[in-house]
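Student: I have the sequence and the model open. Can we go through how the pieces pack?

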Amino acid sequence: MRHIISIIIENEAGALSRVAGLFSARGYNIESLTVAPTNDPSLSRMTLVTRGTEQIIEQITKQLNKLVDIVRLQDMTEGEHLEREMMLVKLRVSNHQEREEVKRFADIFRGRVLDVSDLSYTIELTGSSSKLDAFIGNLGKIQVMELVRSGVIGIARGDKVLAL
Amino acid sequence: MEITGAEIFVRCLEDEGVDCLFGYPGGAVLHIYDALYQQDKVRHILVRHEQAATHAADGYARATGKPGVVLVTSGPGATNAVTGIATAHLDSIPLVVFTGQVPTSLIGNDAFQEVDSVGITRPCVKHNFLVKDINELASTIKKAFYVATTGRPGPVVVDIPKDVTAQRAEYHYPAEVSMRSYNPVVKGHIGQIRRAVKLMSQARRPMLYTGGGVVLDNASEELTELTRLLDFPITQTLMGLGAYPATDRQFIGMLGMHGTYEANLGMHNCDVLIAIGARFDDRVTGNVEKFCPTAKIIHVDIDPASISKNVEVDIPIVGSVSTVLKDMIKLVSDSSFSTDKEALVEWWKQIEEWRAMDCLKYDRNSDLIKPQMVVEKLYEVTNGDAFVTSDVGQHQMWAAQYYKFDKPRRWINSGGLGTMGFGMPAAMGVQLAFPDATVACITGEGSIQMNIQELSTLKQYGLPIKVVTLNNGYLGMVRQWQEFFYDKRYAMSYMESLPDFVKLAESYGHAGIRVDKPADIEAALREAVAIRDRVVFLDFITDKEENVYPMIPAGAGQNEMILV
């Protein structure tokens with residue numbers, strides 16, 4: 001099953017490689033990983049998407065907790081949560097019909113056209129990973145020139161927080 | 001007053017109570033060596049190879065319970081230390097390893113003797129640090145000792161660039177340290193402990209299975225008390241030997257791949273398994289699908305990640321072994337607690353039947369020296385009271401099977417990583433910590449050659465260890481597997497061109513004794529124990545094709561042992 005693991009980690013050189021190294025050394029898979037400082041600049045927030053059986057996910061969270069730099073950790077998928085991912089995608093549009101189609105798709109998925117050129121539209125799209133997947137899946141004949149996804153970030157619903 | 005980073009380093013070690021520092025100098029640590037030269041509180045032991053420095057510090061740590069401390073230079077100094085760091089990591093031994101680093105301005109420039117020490121050691125340390133700011137040197141060293149010795153212990157590397165050791169700062173060693181990201185749990189959950197004790201009271205075929213965690217947490221007394229109160233059979237892992245007295249009736253031998261018949265069958269047939277400070281290693285469990293098929297499992301461990309990693313357990317208890325055992329003793333001593341005495345009588349009867357198989361028997365009348373007999377004689381000659389280190393292979397298993405350890409911290413071997421070349425430098429560290437004790441290194445002619453240069457260090461510091469070489473001319477464990485599983489194709493397992501170990505020892509100024517007749521074993525060992533001023537290198541020419549039994553082949557269950 002897919003799990004979103006949120007981590008508060010000391011904002012120190014090498015902290016990211018400890019997490020990445022743990023995953024490669026123990027053969028766990030990472031679907032996406034994002035990291036940036038929090039409002040407290042001494043801490044970073046990392047969000048990791050991984051897949052595995054319950055037993056593997058339990059090991060992943062335990063092994064992560066063991067890393068000395070990790071301050072707090074939560075498996076977002078255990079409770080109600082919000083997840084968002086951002087995508088920037090450059091699509092080839094060579095005629096009026098394709099431009100119209102892309103514009104319509106972008107509207108349907110609540111995306112924004114950020115940039116246009118003679119041959120391309122660049123769209124910004126935000127949502128759950130599955131929504132972004134659905135957008136790509138519906139493009140039909142429209143050619144993707146370039147695609148970049150931010151990886152997932154997540155936060156719990158309600159008053160529950162993951163902080164110090 | 002401001003002092004240099006090198007002086008701060010030395011002051012930190014003094015304040016930390018470090019009496020022995022194992023190391024080897026080099027460019028990046030010259031300032032530190034200069035500061036060491038000008039003091040006499042921290043004793044520096046000059047090894048002949050950095051790997052030996054880490055193993056010696058490791059042996060010191062295992063024997064004393066204090067952290068072992070190492071200082072090596074950058075680049076090759078650090079990479080040579082890696083095997084010893086990984087060895088300590090797999091066995092959870094507290095080490096603090098200081099590696100010199102090129103000056104901060106050169107880091108990343110492929111400078112002379114530069115490697116990314118923090119990167120290279122990351123997967124085989126508990127934690128590591130790179131100190132770039134002189135003002136953080138003392139507090140980082142404090143943290144390193146704290147992390148290495150608390151929770152599940154392990155090695156910590158501190159990488160110190162050369163310029164940091166030259167800069168000046170005020171010295172202040174923090175009395176305490178707190179890290180928001182590191183708070184190991186010590187106290188076990190009392191509800192879980194109650195559930196565990198209830199399960200023990202209902203057990204009809206219980207089994208205690210204990211490991212290195214008991215030794216590391218100095219919980220021998222508590223373990224012994226609880227085991228006696230319960231009257232349950234107890235088996236120990238390779239790393240746990242000595243925590244419970246091996247000569248006691250309730251001890252039924254080591255378990256696992258080369259464990260006793262009674263221990264492995266006891267495991268296989270038990271209905272309640274109480275695992276304490278053990279980690280269900282593959283050499284213990286055999287095939288996990290066939291592991292303890294009828295047992296409810298209680299697992300006490302300080303490391304949550306060890307619990308349900310290889311084998312799903314029923315009652316997990318996270319906490320320090322000694323604390324949890326104390327809580328258990330309290331509950332078990334209560335008048336309301338009782339065990340199923342009738343069932344226990346039956347269970348012990350069954351175990352005694354298995355024990356009567358005498359699975360460790362061997363041919364005592366052979367004209368050739370049987371390696372098992374050497375270990376047994378060593379046990380007799382040293383009254384079972386020696387510190388015994390070992391290398392890795394057949395001799396290691398025979399040492400574990402035939403030297404009956406009654407005390408913890410007496411059996412010192414590389415269980416997890418299986419590092420050949422560990423034994424002699426480890427013995428060096430033990431002898432330094434206990435100058436008057438008898439320290440024996442049981443080894444083979446293969447392993448001993450992996451760090452044989454340390455004969456020189458042993459000479460320099462007058463450390464009279466006994467090297468007990470079981471010389472069969474083979475990498476014995478490799479040969480044994482090739483005999484069993486590769487149709488006797490002995491690929492590269494024959495040790496040719498061996499030196500004359502007696503002459504080699506003598507060339508260093510040590511004593512050497514070759515023994516090739518069983519009748520001479522005891523006299524040679526007595527002579528060796530009597531020599532107190534230099535190493536005695538005993539070269540026992542043993543039966544070439546003796547095997548270690550019992551043996552659980554890879555992939556088999558604990559009830560599928562090969563016996564003699």
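Tutor: Two residues are in contact if their C-beta atoms, placed from the backbone, lie within 7 Å. Keep in mind that this is a predicted model.

Student: How many residues of chain A are in contact with chain B?
Tutor: The side of chain B that touches chain A has six nonpolar, three polar and three charged residues. Twelve residues of chain B take part, and the residues of chain A that they contact number 16.

Student: In what order do the four strands of the open sheet in chain A lie?
Tutor: The pairing is antiparallel. Strand 2 (32–37) and strand 4 (70–75) of chain A each have a single partner strand, so they stand at the edges. The order is therefore 2-3-1-4.

Student: Which residue in strand 4 of chain A is the bridge partner of A:I8?
Tutor: Strand 1 (residues 2–10) and strand 4 of chain A run antiparallel and are joined by five bridges. The bridge partner of A:I8 is A:R72.

Student: Are helix 8 and helix 13 of chain B parallel, perpendicular or oblique to each other?
Tutor: The axes of helix 8 (residues 190–202) and helix 13 (residues 321–333) of chain B come within 10 Å and cross at roughly 55°. Angles of 65 to 115 degrees count as roughly perpendicular, and those under 35 degrees as roughly parallel. The two helices of chain B are therefore oblique.

Student: What is the handedness of the crossing of helix 8 and helix 13 of chain B?
Tutor: Residues that meet there include B:I190 and B:V197 in helix 8 of chain B, and B:M328 and B:L331 in helix 13 of chain B. The contact divides into seven nonpolar, no polar and two charged residues. The crossing of helix 8 and helix 13 of chain B is right-handed.

Definitions and conventions: Residues numbered from 1 in each chain as written. Chains lettered and ligands numbered in written order. Predicted model: local features only at pLDDT ≥ 70, side-chain atom pairs only at ≥ 80, totals over all residues. Axes fitted to C-alpha atoms, helices over the stretch in contact; angles between N-to-C directions. Parallel < 35°, antiparallel > 145°, perpendicular 65-115°, else oblique. Left-handed = near helix turned anticlockwise from the far one by under 90°. Nonpolar A, V, L, I, M, F, W, Y, C, P; charged D, E, K, R; others polar. Pairing = 2+ DSSP bridges.
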